[in-house]
Amino acid sequence: MSSLALTLMYLLAAVLGVVACRSLKLPPMLGYLVAGVLIGPHALALAQNSEGVRHLGEFGVVFLMFAIGLEFSLPKLRAMRQQVFGLGLMQVVTTMALVTGVALLLSHWIGGVWGMGWQTALALSGVMTMSSTAIVVKLMVERAELESGHGRWVMGVLLFQDLAVVPLLVLIPALGSAPGQLLPALAWALLKAILLVGLLLIGGQRLMRWWLTLVVRRKSDELFMLNLLLITLGLAWLTELAGLSLALGAFIAGVLVSETEYRHQVGTDIRPFHDVLLGLFFITIGMLLDWHILLERWALVLALLTVPLIFKLAIILALARGMGATAGVALRTGLYLAQAGEFGFVLLSLTSSNGLVQAALMNPILAAMVLSMLATPFLIMHSNRIVMRLVASDWLQQSLQMTSIARKSINTSGHVLICGYGRCGQNLARMLEHESIPYMALDLDPDRVHQAAAAGDSVVYGDATRLQALMAAGLVRASAVAITYADVPAALKVLANARSHAPQVPVVVRTQDDLHLDALQRAGATEVVPETIEGSLMLASHALALVGVPMRRVLRLVQEQRDARYQLLRGYFHGADDDTVNEIDQERLSSINLPAGATALGKSLGQLALPAIGVRAVSLRRSDGRQATAADATLLAEGDTLVLSGHPAALILAQDKLLRG
């Protein structure tokens, strides 16, 4: 097969695999693995796992390590030190120690395929300790669990595992040396790694910042991208030349870039290379898997799948409990981290290439790792059911948490329910307090909740994406819900619960941009406020003022843009302090709910002829929470909420016309 035909075969397999996984809502990585199995020499034999393709796949690992280095942040590690250097460190050390010991015992008692030296046992323990950052983080983002109790523990362990890969990349090649040369090889590899890493980190940061600044001043995207590739691959080549691994050099390159002001731009630019080449790496891993092994040696594969899963789950559960996590949080953490990881494949490939693992054991281990990753989405999706069944105290703790929320909100009604108490949520709360409007905030950061509650803020610890927490916080009695975190999956969960259980309550959603505007509005958002639009309006207002446009005209232009963008800002809702001489006859908004027996039921907005009395229909919210177009042909039904804009006298006439005819 020609190079072009082979390339097309890989691309077609990748596209079909990713499409299938997207359709099933599974991580794309699984699609790459399955595609590799199908086109590989052990299945359809459409492509061979050639050396050239394998080397190309290794570049995916290089860019993965670069991305890990780019995310390396001392402040982040310091903020999560208990999770990273507590549970993360203990998980890696304990798992490697126990797996090495068990593997040596099996080698001594059983022998045969299990016969191995301590070098192989230690290398395989490093393979087993890894979990899948790509799969777990993606699923936690979709489930809005990154800031949950178990989410922080999971992220801490994954972060330390990523860091632990670096010494393992140095250790495993040294373990492949001849027995008499093992200690000198290990010492020499360690010395080279310390000298190279120290030299690059001490003098490399200033050099990297100076060089990238020089490149950026040329104002060429092509030049910037070429330099990123040169830096990443150049440092990878340098570490390989020193007898270390390509991935170690890429990690150092990422760390150096992370210390510059260009880290976010670099992360965006490098992402396409990282994703495509990493996908190719997983296809090559899938091609190594002989599916006949699953049939011929199914008992061994099953043992290598279930025993490590349970073993790793038990270790993480015990360690998390010992560090103060509740039984429910500890079990969820174990379920999320029990599978094999993408770095496990990298280390297994390195172990195999250094002759540390027998071919008879290589394929069963590989098959078990692939199956464990395939099982991960299902384990995570059913984790709550598993925890509730196995940990009775978790149900009790959740009940106590809901009771605590309900106790604080029991005497509150007509309040604003704030989902998320970060900067945006706190600013909103201050404005509500200034206007003497009650509010109840839910947040998942225990430190923030503790400090804010101690200061007298009406905030409680709770997950706003869960219906029980929303109901306990008085969702049905609330006058409005404000979703203040820019997390679209979490916002969609809150909207789904609000629409199904309190359709009459309006919901305002904050987003970073307007990419998900339609999806959020379809989900029932009364209004969506993108930060980019508000930022552009403020930028425009300052720019216009600086070039001499009169301030009154600037404010009018900005308000016109807001009127065009936000329907609910075309006027304002009447308040107790609006009845002043200047504001008594200003245009305002009025929200009218249509009960059973209202005259307007069954009629269209056109038939009601509201504009004839000086009133305009701004928006319409159906009884089930859906937003409907306030057009002339729209028919009104029981439970609908109609938002009208007009002067006070006209609004009184419109209300009378809608309700009593």
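Okay, let's start in the sheet: strand 5, residues 507-511, is joined to strand 6 by 4 bridges, and the two run parallel. Strands here are DSSP runs of type E with at least two residues, helices are runs of type H or I with at least four residues, and both are numbered from the N terminus. Two strands count as paired if DSSP finds at least two bridges between them.

Before going on, a word on the model. It is a predicted one, so local features need pLDDT of at least 70 and side-chain atom pairs count only at pLDDT 80 or more, while totals for chains, interfaces and linings use all residues. Residues are numbered from 1 along each chain as its sequence is written, and side-chain values use heavy atoms, with hydrogens and water left out.

How many strands form it, and in what order? There are 6 strands in an open sheet with the order 3-2-1-4-5-6, and the pairing is parallel. Strand 3 (459-461) and strand 6 (527-530) are the edge strands, each pairing on one side only. On average, neighbouring strands are turned by 20 degrees against each other, direction ignored. Packed on this sheet is helix 20, residues 423-434, and it touches strand 1 (416-419), strand 2 (439-443), strand 4 (480-483) and strand 5. The direction of helix 20 makes about 165 degrees with that of strand 1. Angles like that run from 0 to 180 degrees between N-to-C directions, using lines fitted to C-alpha atoms, for helices over the stretch in contact.

Let's zoom out. The protein has 28 helices and 10 strands. It has 661 residues, and 49% of them are buried. Buried means under 20% relative accessible area, exposed means over 50%, and partly exposed is in between, with a 1.4 Å probe and protein chains only. The accessible surface is about 31600 Å², and 64% of that belongs to carbon and sulfur atoms. These areas come from the Shrake-Rupley method with a 1.4 Å probe, and for residues only the protein chains shown count as cover. As for contacts, meaning heavy atoms within 4.5 Å, take those with a separation of 6 or more: 71% of them are between residues 24 or more positions apart.

On to salt bridges. The structure holds 3 of them, each being a side-chain nitrogen of Lys or Arg within 4 Å of a carboxyl oxygen of Asp or Glu.

Which residue does aspartate 457 pair with? Its partner is arginine 430, with the closest N and O atoms 3.2 Å apart. This pair links distant parts of the chain, 27 residues apart: aspartate 457 sits in the loop between helix 21 (446-454) and strand 3, and arginine 430 is in helix 20. Buried or partly exposed? Aspartate 457 is buried, at 8% relative accessible area, whereas arginine 430 is partly exposed, at 37%.

Next, our friend arginine 510 again: it forms a salt bridge with glutamate 531, and the closest N and O atoms are 2.4 Å apart. Glutamate 531 lies in helix 25 (residues 531-546) and arginine 510 in strand 5, so parts that are 21 residues apart in sequence get tied together. Both ends are partly exposed, glutamate 531 at 35% relative accessibility and arginine 510 at 24%.

In another pair, arginine 622 meets aspartate 640, with the closest N and O atoms 2.6 Å apart. Arginine 622 is in the loop between strand 8 (615-621) and strand 9 (627-628), and aspartate 640 is in the loop between strand 9 and strand 10 (641-646), so this one ties together parts 18 residues apart in sequence. Both of these residues are buried.

Two glutamines to finish. Glutamine 521 lies in helix 24, residues 517-522, and is partly exposed, with a relative accessible area of 31%.

Glutamine 83, in helix 5 (residues 81-109), is buried, with a relative accessible area of 10%. Leaving aside neighbours within four places in sequence, its contacts are Gly88, Arg152, Trp153, Gly156 and Val157.
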